[in-house]
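Please look at the structure below before reading on.

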Amino acid sequence: MTLRLLFFLLCQLAGAALGGWQAGYWGALAGAGAAAWLWFAWDLWRGGRVLAWLRQGELADAPSMRGMWGEAADRARRLLRQQQQQVAASDARLQAILAALQASPNGVLLLDGEGHIEWCNQLAAQHFGLDVQRDRMQSVSNLLRDPAFSAYLAARDYTHDVLLVGRESTPKHPVRLSVQLYPYGDGRRLMLSRDVTQLEQAEAMRRDFVANVSHEIRTPLTVLAGFVETLQTLPLDEAERARYLALMAQQAERMQHLVQDLLTLSRLEGSPAPSLDEWTPVQQLLQRCEREAQVLSGLVLPAGAAPHALHFPDEAAQRAAGQIAGRAAELHSALSNLVSNAVRYTPAGGVITVQWTPLPDGSACFSVRDNGPGIAPEHLPRLTERFYRVDRSRSRDTGGTGLGLAIVKHVLLRHGAKLEIESVPGRGSVFSALFPANRLRPAEPTR
């Protein structure tokens with residue numbers, strides 16, 4: 001400020017000196033006045049430049065000058081730069097938050113105090129069939145007309161969630177959504193949606209599993225208890241005692257098989273996936289399955305009945321099948337289950353064909369074909385469910401626990417394989433296990 005005043009005085013002195021030199025005293029006064037007006041006009045012009053720049057607000061167009069107006073321009077430029085940096089930082093933080101919400105496994109909607117949608121992520125748009133741009137600032141109650149949701153909004157009790165039917169729900173593929181509101185800020189609400197279809201299905205399967213296990217164990221226990229009471233209370237001859245004890249042993253063995261299968265399933269679900277370091281010859285697995293099938297066939301067929309015709313690959317084909325990576329015990333359990341099911345459900349004189357077929361892409365298919373009664377199409381999708389049986393009485397007669405195909409499915413999934421089932425009622429069935437190429441390798445050359 002001092003320099004500004006000093007410069008103003010110097011301008012007046014210069015004008016007075018020039019005027020006095022030309023016209024004496026009155027010339028000096030006129031010169032001082034003219035210099036003052038010139039300085040004022042020049043200063044006003046400089047201030048106008050700064051003011052025009054401030055109105056425009058572009059940092060790149062800031063005027064470069066000295067003095068008070070130059071300092072004001074510099075300070076304003078610094079403040080504008082700081083403000084822009086703060087705005088950029090705030091915008092970056094906002095975008096990071098929105099990106100996190102966009103990546104959330106839940107659907108997220110931000111509602112204002114009136115219930116209008118301020119923002120939603122893509123998952124929420126998918127859950128409720130919203131258009132992110134079109135439906136912005138629309139009332140959520142107008143877009144979601146589910147009566148359960150309307151009642152939830154009206155009750156204003158947000159301590160619990162509400163279950164809604166998903167937009168893409170169909171009778172064959174139901175979709176269930178859990179929706180809950182969380183108040184925040186000045187009347188605003190955060191709305192979260194979560195697909196709980198699998199959780200509900202898992203809970204239903206758990207309830208069915210407990211009920212099935214209870215039922216499956218209760219039946220042989222009831223039989224055992226009845227036989228024990230009979231042995232304790234009735235005088236029986238030796239033949240009757242032997243018959244009752246044989247039936248009790250049969251029921252005890254059934255419970256033992258059930259417990260073993262349950263433990264096998266539990267172990268499969270809780271253990272890590274098999275590595276690619278343990279290799280087993282396919283020939284070893286096939287030979288073991290063949291021996292077990294022959295023994296089982298003799299046990300399940302009534303005396304005097306025509307035997308099963310069991311066809312397995314010949315020895316050369318079994319050697320050419322090479323090796324498979326995985327846990328030998330699990331692989332044997334899966335393949336043996338498929339073969340034993342065919343033996344149990346194929347009538348006397350039936351044909352069972354087991355094949356190992358290499359495929360062009362390096363994978364291989366293990367298949368078991370029978371000419372038994374076949375399976376109706378409505379049962380095929382549920383065959384791998386625990387305790388699911390097409391014919392419960394026949395399954396018990398043949399000694400099945402209802403867990404065999406569930407074990408097969410788990411073993412194959414752990415080895416990167418998949419199970420395929422084809423069946424025509426009255427013409428038989430084909431159960432195939434498709435193994436990926438990375439778990440197979442050619443047989444080692446014989447010396």
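## Overall make-up

The protein has twelve helices and 13 strands; helices (H or I, at least four residues) and strands (E, at least two) are DSSP runs, numbered from the N terminus. The model is predicted, with local features needing pLDDT of at least 70 and side-chain atom pairs counting only at pLDDT 80 or more, while totals for chains, interfaces and linings use all residues. Residues are numbered from 1 along each chain as its sequence is written, and side-chain values use heavy atoms, leaving out hydrogens and water.

Of the 447 residues, 36% are buried, meaning under 20% relative accessible area with a 1.4 Å probe, protein chains only.

## The cores

A nonpolar core is a set of buried Ala, Val, Leu, Ile, Met, Phe, Trp, Tyr and Cys residues joined through side-chain atoms within 4.5 Å. The largest one has 43 residues, and Ile324, Trp356 and Phe435 are among those that touch the most other members.

The largest share, seven residues, comes from α10. Another core, of 21 residues, lies apart from this one and includes Leu111 and Tyr152.

## Helix α12

Helix α12 (residues 404-414) is largely enclosed by the rest of the structure, because eight of its eleven residues are buried. Among them are Gly404, Leu405 and Arg414. After α12 comes Gly416, with a positive phi near 70°.

How values were computed. Buried < 20%, exposed > 50% of the residue type's maximum accessible area, 1.4 Å probe, protein only.
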